[in-house]
Amino acid sequence: MIDLQITLQTYSGADLAPYLDEVARLRIEVFRAYPYLYEGQMEYEREYLRSYLNAPDAAIVIARDEDKIVGASTCIPLENEPESVQKPFLEKGLDVKKIYYYGESVLLPEYRRKGIGVGFFEHRERKARSLQRFQWVCFCGVERPQDHPLRPADYVPLNHFWRRRGFQETDMVCYMSWKDLTEEQESPKPLRFWMKEL
């Protein structure tokens, strides 16, 4: 159950504009942690999030604790994603026009394990179903080696959580480049796709 003071609301189109900078800051803060270890920059984040503003069927779910934005979760038609993200699906002969892509969920650590993550999945699926043209939903998660030196001793992958949401791991992988906290420059990282049929 989501705590009573936490509210989730889905925004699309021009309604997203007031929240993009806050979502950008959340992405930078949350993705610094393992497994992403992302050294984010506001300029890049603003440009990235503009794709959600410009894609008619994209949306961002905002989590608030009263007036404070504490989390966000994005979704967009796969056909609006870069070619590198579409490529594994095209190679399988899948129609990217029928697939809705969950970009990411970011949530401040103190608000985790309160049902907000479940709410993010429910709101995004509701959005995908409302558009009435998608057969699948999907997302991807970064894969790090088991012996990664920055892997916390208590780290638990989210695989079980994702399976409980009805998603299945696939053999499809894409590559995205960013600069890890320990890197001098960007390098490509593998991200594995998970899918669910609507």
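Predicted model: local features only at pLDDT ≥ 70, side-chain atom pairs only at ≥ 80, totals over all residues.
## Overall shape

The chain holds 5 helices and 7 strands. Along the sequence, the elements run β-α-α-β-β-α-β-α-β-α-β-β.

The radius of gyration is 16 Å. A compact globule of 198 residues would come near 16 Å, so the chain agrees with that expectation. Along the principal axes, the C-alpha atoms fill a box of roughly 45 × 45 × 35 Å.

## Burial and contacts

Buried residues make up 48% of the 198 in the chain. The accessible surface is about 10900 Å². Carbon and sulfur atoms account for 48% of that surface.

Now the contacts. Take those with a sequence separation of 6 or more: 70% of them join residues 24 or more positions apart.

## Helix α2

Helix α2 covers residues 42-54. Its 13 residues should span 18 Å at 1.5 Å a residue. The end C-alpha atoms lie 18 Å apart, which agrees.

Four names make up the buried set of α2: E45, Y48, L49 and Y52. Viewed down the helix axis, these buried residues fall within an arc of 90 degrees, so they line one face of α2. An α-helix has 3.6 residues a turn, so residues three or four places apart point the same way. The face of α2 turned away from the buried side carries E43 and N54, both exposed. Cover for the buried residues of α2 includes helix α1 (20-30). Strands β2 (59-65), β3 (68-77) and β4 (99-107) are also among the elements that cover them.

## Helix α4

Helix α4 takes in residues 116-130. For its 15 residues, 1.5 Å a residue predicts a span of 21 Å. The distance between the end C-alpha atoms is 21 Å, in agreement.

The buried residues of α4 are I116, G119, F120, F121, H123, R124, E125, K127 and A128. Just after α4, Q132 adopts a positive phi of about 60 degrees.

Strand β7 spans residues 187-197. Of its 11 residues, 8 are buried, so the rest of the structure largely encloses β7.

β7 pairs with strand β5 (residues 136-142) in the antiparallel sense, over 7 bridges. V142 has L191 of β7 as its bridge partner. β7 also runs antiparallel to strand β6 (residues 168-178), with 8 bridges joining the two. In that region, S177 stands opposite P188 of β7.

## A63, a buried residue in β2

A63 sits in strand β2. Its relative accessibility is 0%, so A63 counts as buried; the cut-off for buried is under 20%.

Leaving out residues up to four places away in sequence, A63 touches T7, L8, K68, I69, V70, G71, I116 and F120. A63 and F120 are 57 residues apart in sequence. In space, their C-alpha atoms are 8.5 Å apart.

How values were computed:
Residues numbered from 1 in each chain as written. Heavy atoms only, no water. Expected span 1.5 Å × (residues − 1). Buried < 20%, exposed > 50% of the residue type's maximum accessible area, 1.4 Å probe, protein only. Arc of directions from axis to C-beta. Contact = heavy atoms within 4.5 Å. Pairing = 2+ DSSP bridges. Rg over C-alpha atoms; globule rule 2.2 N^0.38 Å. Areas by Shrake-Rupley, 256 points an atom, 1.4 Å probe, with all protein chains shown as cover.
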